[in-house]
Amino acid sequence: MKYKILLLFLTVNIIFCGCNLKQEKDYQGNINIPENGIVEKSVFSQIQENNAVVTFSGESNCCKYEWTVFGDDIENPRDINLAIEITEEPEQVLLNFQSNDYFGFSSVLSIHLNSVWDCQSAIVYDSENNAVCGASVTGSENTILNYTALQTSGTFCIMPDKADSSQINIIAAEEKEITTENRISTTKNNQQDDYLTPAEQFSGIAVSGENNDNTSNNRIISDGSQTEQDKYLTDPVPEGKPMPVEPENAEINEQTQYTCTFSVECSTILNNLGELNSEKLDVLPADGIIFPATEVIFYEGESVYDVLQRICKENNIHMEASWTPMYNSAYVEGIHNLYEFDCGNLSGWMYRVDGWYPNYGCSRYQLKDGEVVEWRYTCDLGNDVGGGYAVTGGE
Amino acid sequence: MRDTFSRCHPIINFLFFGLVIAYLMFIMHPVMLIISFLSALSYAVYLDGRKTVIFCLKFLLPTMLTAMIINPAFSHEGITILCYLPSGNPLTLESILYGISSSVMLGTSLLWFRCYTIIMTSDKFVYIFGKIIPALSLVLSMTLRFIPKFKAQFEVVRDAQYCIGKDISDGSIFSRLKNAVRIFSIMITWSLENAIETADSMKSRGYGLKGRTAFSIYRFDSRDKSILCCLLFCGIYLTCGILADGLKWRYFPSVKGVLAEPFTISFYIVYILLCNIPVFINRKEDKIWRSLKSEI
């Protein structure tokens, strides 16, 4: 009799304990957007209630698109038309939102293109051709555009960011798809480019303002003659790219201040939510941006790592790095509690300076005035953020 | 102190330690860890009195403190940044809490194993597994008993050497070293010989042969039955609790988990019951013994 009562108690408890626990943030998979595009209120209120993270995916003219919705962003659930009509043209994408007003919550829109864009970032323009915001360009095989949609009605156009100094990178140089005119305009628009990229050298365009006036730091530009690995196992640095400066040789001069543009983002995780360690959903920013592109001050002779460390401290962003003597550099394990291997076995942090992913550690990259530093999270060994060559050595 | 639990059927003893140590390893919930730690400590003190206290102060406390400090020094995950270490990495609240939890877990497991070596004597172990896996159970019981036996024999040898004036406590460093090496050599010889002798002795008695029976005084009586029911109930209940996420607790990136939900509290109660079964049995037996004594 005693045991029967105990068993009853047990079964009742087990039935209820599953339902009574508070819901954690939880990735609940993908929902297909229905034909007419309208997702019902009940779906959204359920997402809100469960504090779930859900992707809504749809397809238009062979272009897949995805909305990543975080339950805690939803305030007033209602019927929402999530459908978009997408027209993909070379070097531009036209979006026509079927919804008539703002969703009521911001959500990241990911557009899976059927082509590859040779650019580092893209810009979203509205129907009057005003730039609205930037979009990040990721994707291993085909380009994926990610941006936070703050306006969800009318038509928009996304184009590669031509003014971006990093538009011409090594891959572009090999493929030679960009017209000479484009290149000239790029060079003109670009006050940041203070070294010759291979593309410019091949086409024989002289870059004016090859400024040596603020180069009192001791980094030198690679002439491409290197054939062997250096003593820290770094493959030859491509021609035109800065050679590593060993941190022990760098002299930091706090008298001279320069500025660089710095950003930290992890939008690739939003495209691979299924792989993400579910405990980390709490720290994943809904828009994928941890530190928006900001002009920051650094001192002469500082490396990318020094600046990252200072910015994280100043802005109270968590960052962990470990010193790796073999590569004579710090290795960034995690930023904002998003660590390497948190989103699949091929994930981790990479950095890009002026469109190039250096093939050496961030403590050995000495910064120059006006450079654009981006820290990006990769889920595919760099291939999805356009930096696979830095990991595999171009093989 | 008389321990009634050790006089229960070996299967009960083994099942108890199996359950307690398994739950200790799989549940990182802080309340559960504290319950297990206090139970293990109280039982170890009950069994071994002063020796346990000395063990705790001399060995357990330093080990736990080291484990506690090492974790935040090498793990920097967590959203609450307290300050920055000289290496430039943050010191986080979460890594400190995790360090404390894991050190409590380590200490608790040492205490449970201390109780295990006292309760699960090698004859009990061989009784349970002798029939199923004779060779392995002999090897296991020999290895598990090796360190305590080695320690005891070491003291004997050291005393003998002390009597003939070849001690490690005085003389020049060189002669001390020489004596230490000799004692160590004696110990190695003894342990090898002892192992072979044990194996030979078991073999000559036909250990592991088909049809061989072994004498045992263990009887599965009604008391054992009720304890077994209790153990199984606690085991199933807690396993269901783990599977239903009723004891979920995470440390990274932020500390989060179920603490005071009504059903979680029921798991705490069941866990207290499970961990303290030997103490309850002993209490009950003591009471009976006292009342019998007073009647006389």
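In this predicted model, N129(A) sits in the loop that links β9 to β10 (131-138) of chain A. The phi angle of N129(A) is near 65°, a positive value in a residue that is not glycine. Most residues other than glycine have a negative phi. The points below place this loop within chain A and then turn to other local features.

**Chain A as a whole**
- Chain A contains eight helices and 19 strands.
- The chain has 395 residues, of which 42% count as buried.
- Among contacts in chain A with a separation of 6 or more, 70% come from residues 24 or more positions apart.

**The ten-stranded sheet**
- An open sheet in chain A is built from ten strands, with mixed pairing, and the strand order is β1-β3-β4-β8-β11-β10-β9-β12-β7-β6.
- At the edges of this sheet lie β1 (26-32) and β6 (84-89) of chain A, each of which pairs on one side only.
- On average, neighbouring strands of the sheet are turned by 25° against each other, direction ignored.
- Helix α2 (residues 41-50) of chain A packs on the sheet, where it touches β1, β3 (52-60) and β4 (63-70) of chain A.
- The direction of helix α2 makes about 145° with that of β3(A).

**The pairing of β9 with β12**
- Strand β9 (residues 121-126) and strand β12 (residues 154-160), both of chain A, run antiparallel and are joined by five bridges.
- Within this pairing, Y125(A) has C157(A) in β12(A) as its bridge partner.

**Residues with positive phi**
- N129(A), in the loop between β9 and β10 of chain A, counts as exposed because it has 7 C-beta neighbours inside 10 Å, and the cut-off for exposed is 12 or fewer.
- F341(A) is a further residue other than glycine with a positive phi, near 65°.
- The position of F341(A) is the loop between β17 (338-339) and β18 (348-353) of chain A.
- F341(A) has 12 other C-beta atoms within 10 Å and is therefore exposed.

**A cis peptide bond in chain B**
- Most peptide bonds are trans.
- The bond that joins F252(B) and P253(B) is a cis peptide bond, with omega about -5°.
- P253(B) belongs to the loop between β3 (249-250) and β4 (256-257) of chain B.

How values were computed:
Residues numbered from 1 in each chain as written. Chains lettered and ligands numbered in written order. Predicted model: local features only at pLDDT ≥ 70, side-chain atom pairs only at ≥ 80, totals over all residues. Helix = DSSP H or I, 4+ residues; strand = E, 2+ residues; numbered from the N terminus. Buried ≥ 20, exposed ≤ 12 C-beta atoms within 10 Å, placed from the backbone. Contact = placed C-beta atoms within 7 Å. Pairing = 2+ DSSP bridges. Axes fitted to C-alpha atoms, helices over the stretch in contact; angles between N-to-C directions.
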